[in-house]
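Please consult the sequence and the coordinates alongside the text.

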Amino acid sequence: MSSISSATSASTATFVTALVFNGAVFGIEIAIFTLIRPYFKAIYEPRTYVPPKTSRIQSLTSGGKQAFGLKNALSWPFAVYHSNHQDIKLANGLDAYFFVRYLRMMVVIFLPIWILSWAVLLPVTSVNTQVSGNTKLNRFIFGNVAPDKSARYAAHIIMAWVFTGWIFFIIWREMRHWLYTRQYHLIDSTHSKSVQANTVLITGIPQKYLTHAALHKVFDVLPGGVKNIWINRDLKELPDLYDRRLKACNKLESAENKLLSIAAKRRLKAEKQSSKEKDPEAQPSAVVPEDERPTHKLGFLGLFGEKVDSIEWARSEIRVCNELLEAGRANIPGYNAHASHRSFHPDFDDDSDDDFGGQGGIIGTVGKVGNVVKRKTRKTERDPQEARAEEQSVDAAAGTDEPYPVVNSAFITFRKQISAHLAGQSLIHHEPYRMSSRYIEVAPSDVIWSNLSLNPFEIKMRIAISWAITIALIVFWAIPVAFIGTISNIQSVCQKETWLAWLCDLPSPVVGIIQGILPPVLLAVLMMLLPIFLRLLAKFEGIPKHSGVELSLMTRYFIFQVIHSFLIVTLSSGIIASLQTLTSNPTSIPSTLASSLPQASIFFLTYIILQGLSGTAGGFLQIVPLAIYYVKLFLLGSTPRSVWGIKYGKRSVAWGTLFPNTTLLTVIALGYSVIAPIINGLVCATFFAFYMLYKYLFLWAYQQDLSTDTGGLFFPKAIQHLFVGLYVEQVCLAALFFLARDENNAASAIPEGALMIVLLIFTAFFQIILNNMYNPLKHALPLSMSEKMYHEEDPIPAVQDESSSNAKEQTYPMDRVESKGVRGPSVDDDRLKLQASDNDRQSNGEDSTKPTPDRVAPRAEESYGFSHPAASRPQRTVWIPQDRLGLAQEEETACREKGIDISSKDAE
């Protein structure tokens, strides 16, 4: 969307100019989009070929010979309109679906408001009534009701109540739809079987409970019991080593591709030379001289330092990182490097007493938990005080003597989905702030690993600091904006301020650049940096999920937008418009403000025109992504991975900024829906244009990361933003009613003002009721839906040994862990079966994990569960193209000799 700073009009003449200009831009951009869309499917219809075949969508218009026909080319708006927005749920998740649903809801809200307000309020404020200074568009505002026509304010109060009642009805209906849609999404068979749906993240865990046995004892009372436990660890240098290896892989990939490119050019040159010499026996060499091999410098930005051979350096760097990572992972209890090549499974023959899993995806094993329980059960046969003292000393020392100690958080995966939701709502610990932060619906790719080690008190302090900085930023934001405004008028400033007089001596073109070009650029940069900084503040707060950061950003950015882009602009526009009158006649301040404040609506009319026309057309045309696409292919498409990423990479939106920019329009429109009813028609058309735009984008162009989808949690926040618009409208109308004066300069609309106060109270009451109804159901599923939720089938009972049979006869509380006999040696039975079958095949001389004799098939990302990448993921495969000289095969062999995974598959 376009920035509000682009809409600078405050007069009817400029509004008309903006309407004509933006209308022309809209027509030109839509025409260009219509003409070029069939030729650039990578930009305009990537979802017709990029996703798997089962997830693709049909082309927007007919293909074949009819694809470039005029009638077919012009049919795309009808195709977008008639497409089902429900399909967005499968294509891009509930967040995208409810964003489009929100736009549709705004159209439904403002369509009758548009009709009623134009039929009732426009005549009321313009026919046989006139206030001095109000002409053209200002004839249709609240302030144009003459003092002797104050009875007409009854129309405004009636419309305010009718509009609010209609909005209440739509909110009530849409929130019910949101709740049912979200709940059925959570229990959908595909989603409910995922690890995301059955896992809860617990933070602030006391040291005493940072063992698998202790956590299992706490949570195994829930239905179905615990399946997996990941206790997170402080991995210290391992994440840096992991990033270092990834950079080395990128460098090796780039250097190898550059080497092959040099060899190909030398081959072409040699072939041309041999053809000129007519020597059929001459064979082009694949050998690249040492002085032509790729090199780089190790210093700052590759500009300084020692010059090295890029390929040899990267190979050595990857090998060193692999060795260091493997050595570090070996210090994590339970890590078994020999269970499967480049796999990450626990060693079930290890007899460690506790702490046999953790960050890095060490899977908590109930077999080992059983052993721990069994030993602790025997300990209780001694003096209880002695046993308790010994247990406390062990818990206090847990993780402190290890190279990578445990931190106060853990992921717990259950066998039944209802257990994850029960754990997320339960009061787990008896002390304040302990195990009080619980997060359900956590996807591994959505985790912010660096925020998992914060203690509860540190998080509270961070929250206070984060919001203090946010509030200070909102309060003092006017300082840099004012500075930029000063630069825009630097010629006048340098004449008044002697210390800036040297600026007046600069050449006119330089002054023109400083005054005309620099301020918009600085303001654009400032507005671009604002969401980035607010996002960093949200992350600093300690939120452990990327989607949670976006939810926090949505709130912060909306507060900023409402204050700076709406309230301050409204007040400043109204006051500046009547400044001369206020200074000359201070006693007329109430009546002057009542008539002048609504004049700021023309500014927002221009802004909405800008959004609805230029913003929408620009969204369809996407000229910047189109240009960047080919620039990237030309400049950055040097490796198979980069070419694949450019051609098949996902484009998506950031909800933390998109939603506030949209809900700001709602606040503006509601704030002026009665004061300046002309805005209702424009905003209804704008929301309909946005509805068409984003329905098209989410069905044909964009692909959101479904693992970070919140299941529609942005929508209730958007509804709360809508209430802000209602409050703004009602407070402004109440103030204007109380400020209204008749021909005798007496208050003329006190009853209307009182009714607005009553409506304000009703609105607050409705919001409280709505929140009380839906907030408890916002995150977790209720027990009444447990029968429809996913639950894992009980595996075949494992054969128990004699010791576990004896333990089963004990009556201690934790004995039930072993007595069930259904967990077997591991909580993850399917994974054990897979590992066992792999071992069987290997013993028979088969290895299904090796499709080629040279490299191991990569494990699915989901198989790592909630393991930190630095402690579980293998080296990323170096991807190079094939060549006819055989050099690529030689490079692959050389890399594999140094233990580097490399492939030229599918890179012809």
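The sections below describe a sheet, the helices on it and a helix pair.

The model is predicted. In it, four strands make up an open sheet, ordered β2-β7-β1-β8, with antiparallel pairing. Strands β2 (226-233) and β8 (437-440) are the edges, each pairing on one side only. Direction ignored, neighbouring strands of this sheet are turned against each other by 20 degrees on average.

Strand β1 (residues 199-203) runs antiparallel to β8 and is joined to β8 by four bridges. T203 has S437 of β8 as its bridge partner.

## Helices on the sheet

Helix α8 (residues 212-219) lies across β1, β2 and β7 (406-414). The direction of α8 is at about 135 degrees to β2.

Helix α13 (residues 417-425) also packs on the sheet, where α13 touches β1, β7 and β8. The directions of α13 and β8 make an angle of about 155 degrees.

## Helix pair α15 and α18

Helix α15 (residues 478-488) packs with helix α18 (residues 508-540) at an angle of about 160 degrees, and their axes are 8 Å apart. Angles over 145 degrees count as roughly antiparallel, and α15 and α18 are therefore roughly antiparallel to each other. The crossing of α15 past α18 is left-handed.

On the α15 side, the contact is made by P480, V481, I484, I487 and S488. The α18 side contributes I514, Q515, L518, P519, L522, L523 and L526. Of the residues in this contact between α15 and α18, ten are nonpolar and two are polar, with no charged residue.

Technical notes. Residues are numbered from 1 along each chain as its sequence is written. This is a predicted model: local features need pLDDT of at least 70, side-chain atom pairs count only at pLDDT 80 or more; totals for chains, interfaces and linings use all residues. Side-chain values use heavy atoms; hydrogens and water are left out. Axes are lines fitted to C-alpha atoms, for helices over the stretch in contact, and angles run from 0 to 180 degrees between N-to-C directions. Helices (H or I, at least four residues) and strands (E, at least two) are DSSP runs, numbered from the N terminus. Angles under 35 degrees count as roughly parallel, over 145 as roughly antiparallel, 65 to 115 as roughly perpendicular and the rest as oblique. A crossing is left-handed if the near helix is turned anticlockwise from the far one by less than a right angle, and right-handed if clockwise. Contact means heavy atoms within 4.5 Å. Ala, Val, Leu, Ile, Met, Phe, Trp, Tyr, Cys and Pro count as nonpolar, Asp, Glu, Lys and Arg as charged, and the others, Gly among them, as polar. Two strands pair if DSSP finds at least two bridges between them.
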